[in-house]
Amino acid sequence: MSAELDTVFQALADPYRRAMVSRLVEAGPTSMKELAAPFDLGLPSTLKHLKVLENGGIITSKKEGRVRTFSICEEGLNPLRTWLDAHQRHLETGFDRLAAAMAANPEDKSDGQ
Amino acid sequence: MASDPAHSRFTLDRVLPGSPAHAFRFWSDPKLKNLWAGCHPDWTEREVRHDFRIGGHDFSRLADPMGVEHEVDIAYLDIAVPDRVVYSYAMRVDGKPLSASLVTLLFRPHNCGSLMRYDEHLLLLDGSDGAAAREIGTGHGFDRLEAVMAESLAAMS
């Protein structure tokens, strides 16, 4: 689980890779050539980025004839979601303590509130 | 941008006892904020500063029992007493950027108390080389990460 998170972080650390993931989320399965088109990147560099994402379990690829298409692997982003869930849970726990602290301390009426 | 998985936006609503002014003080007054935001008594304070004003920064650098440093850097962008606070904050572990966020905090009267709305736009950064990720990799699962997140809240005080 934790090694997965590490890999996801690494995979998404690069702006090109994040843009490629965004594109795949929005457009669905896309060929490598199409993925490379918006960037000033050669195919070898594009393939390198895509391999990092594929090894991170974030995307998957399929070869049909001479064309390799890439698509999002939904489960690949689960570690990120878990991270965000933990973040929100801890905010909520802090707000529980905030409510308790507010109830335990009298209001200051001096400022007319 | 919404589909970029490193970006996340979420809103938490909370009904609080007391007026918006009362709630506001628990964010603006470091002594009152400490009552709820601090929750890691076993961590060592290395550097803590408070400056709650527009353009001011709250900064904290704490070391966990393993000696790993956790930083939270808050920049107050807008303050309207007692309705609104807008701030950005960055978290770093072992000096490595972990996340950067923009938070809008709103307080409104609600029945006999207040409604607090916490809206965060969070960008996860490359924390993978940091101590948090390394420790996570040693088998503590997400407990360790959760502790990091909890401390980020504690360090906001």
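Mentor: Let us begin with confidence, as this is a predicted model. Chain B has a mean pLDDT of 80, with 75% of its residues at 70 or more. Within chain B, residues 128-150 have a pLDDT below 50, although this stretch has 51 contacts in the model beyond near neighbours in sequence. Where pLDDT is low, the predicted coordinates should not be read in detail. For the complex, the predictor gives an ipTM of 0.76 and a pTM of 0.69.

Trainee: How many helices and strands does the secondary structure of chain B come to?

Mentor: Chain B comes to three helices and seven strands. Along the sequence they follow the pattern β-α-α-β-β-β-β-β-β-α. Of the 157 residues of chain B, 39% count as buried. Among its contacts between residues at least 6 apart in sequence, 49% join residues at least 24 apart.

Trainee: In what order do the seven strands of chain B form their sheet?

Mentor: Strands of a sheet pair through backbone hydrogen bonds, either parallel or antiparallel. In chain B the seven strands form an open sheet with the order S1-S7-S6-S5-S4-S3-S2, and the pairing is antiparallel. S1 (7-16) and S2 of chain B are the edge strands; each has a single partner strand, so one side of each is left without a neighbour in the sheet. From one strand to the next, the twist averages 15 degrees.

Trainee: Is strand S2 of chain B well covered or hardly covered?

Mentor: S2(B), residues 44-49, is hardly covered: among its six residues, the count of buried ones is zero. S2(B) pairs with S3(B), residues 57-63, in the antiparallel sense over five bridges, and Glu45(B) stands opposite Leu62(B) in S3(B). S3(B) also runs antiparallel to S4(B), to which seven bridges join it. There Arg61(B) stands opposite Glu71(B) in S4(B).

Trainee: Which strands of chain B does helix H1 of chain B lie across?

Mentor: H1(B), residues 20-28, lies across S1, S5, S6 and S7 of chain B, and runs at about 160 degrees to S6(B). A helix of the other chain also belongs in this picture: H5(A) lies across S1 and S7 of chain B, running at about 20 degrees to S1(B).

Trainee: At what angle do H5 of chain A and H2 of chain B pack?

Mentor: Two packed helices are described by the angle between their axes and the distance between the axes. Here H5(A), residues 78-104, and H2(B), residues 30-37, pack at about 125 degrees with their axes 7 Å apart. That angle makes H5(A) oblique to H2(B). On the chain A side, Gly94(A), Arg97(A), Leu98(A) and Ala101(A) meet Leu35(B), Trp36(B) and Ala37(B) of H2(B). The residues of this contact divide into five nonpolar, one polar and one charged.

Trainee: What order do the strands of the sheet in chain A have?

Mentor: Chain A has an open sheet of three strands in the order S1-S3-S2, with antiparallel pairing. Its edge strands are S1 (30-31) and S2 (59-64), each of which pairs on one side only. S1(A) and S3(A), residues 67-72, pair in the antiparallel sense over two bridges, and Thr30(A) stands opposite Phe70(A) in S3(A). H2(A), residues 15-27, lies across S1, S2 and S3 of chain A at about 85 degrees to S3(A). H4(A), residues 43-55, packs on the sheet too, touching S2 and S3 of chain A, and its direction makes about 120 degrees with that of S2(A).

Trainee: Finally, which backbone details of chain B deserve a look?

Mentor: Most residues other than glycine have a negative phi, and most peptide bonds are trans. The peptide bond from Val81(B) to Pro82(B), however, is cis, with omega near -5 degrees. Pro82(B) is placed in the loop between S4 (69-80) and S5 (84-93) of chain B.

Trainee: What phi does Asp94(B) have, and where does Asp94(B) lie?

Mentor: Asp94(B) has a positive phi of about 55 degrees although it is not a glycine. Asp94(B) lies in the loop between S5 and S6 (96-110) of chain B. With 17 other C-beta atoms within 10 Å, Asp94(B) is partly exposed. Asn111(B), also other than glycine, has a positive phi near 50 degrees and lies in the loop between S6 and S7 (113-124) of chain B. Asn111(B) is exposed, because it has 7 other C-beta atoms within 10 Å, and a residue counts as exposed at 12 or fewer.

Conventions
Residues are numbered from 1 along each chain as its sequence is written. Chains are lettered from A and ligands numbered from 1 in the order in which they are written. This is a predicted model: local features need pLDDT of at least 70, side-chain atom pairs count only at pLDDT 80 or more; totals for chains, interfaces and linings use all residues. Axes are lines fitted to C-alpha atoms, for helices over the stretch in contact, and angles run from 0 to 180 degrees between N-to-C directions. Helices (H or I, at least four residues) and strands (E, at least two) are DSSP runs, numbered from the N terminus. Angles under 35 degrees count as roughly parallel, over 145 as roughly antiparallel, 65 to 115 as roughly perpendicular and the rest as oblique. Two residues are in contact if their C-beta atoms, placed from the backbone, lie within 7 Å. Ala, Val, Leu, Ile, Met, Phe, Trp, Tyr, Cys and Pro count as nonpolar, Asp, Glu, Lys and Arg as charged, and the others, Gly among them, as polar. A residue is buried if 20 or more other C-beta atoms lie within 10 Å of its own, exposed if 12 or fewer, and partly exposed in between; C-beta atoms are placed from the backbone. Two strands pair if DSSP finds at least two bridges between them. pLDDT is the predictor's confidence in each residue, from 0 to 100.
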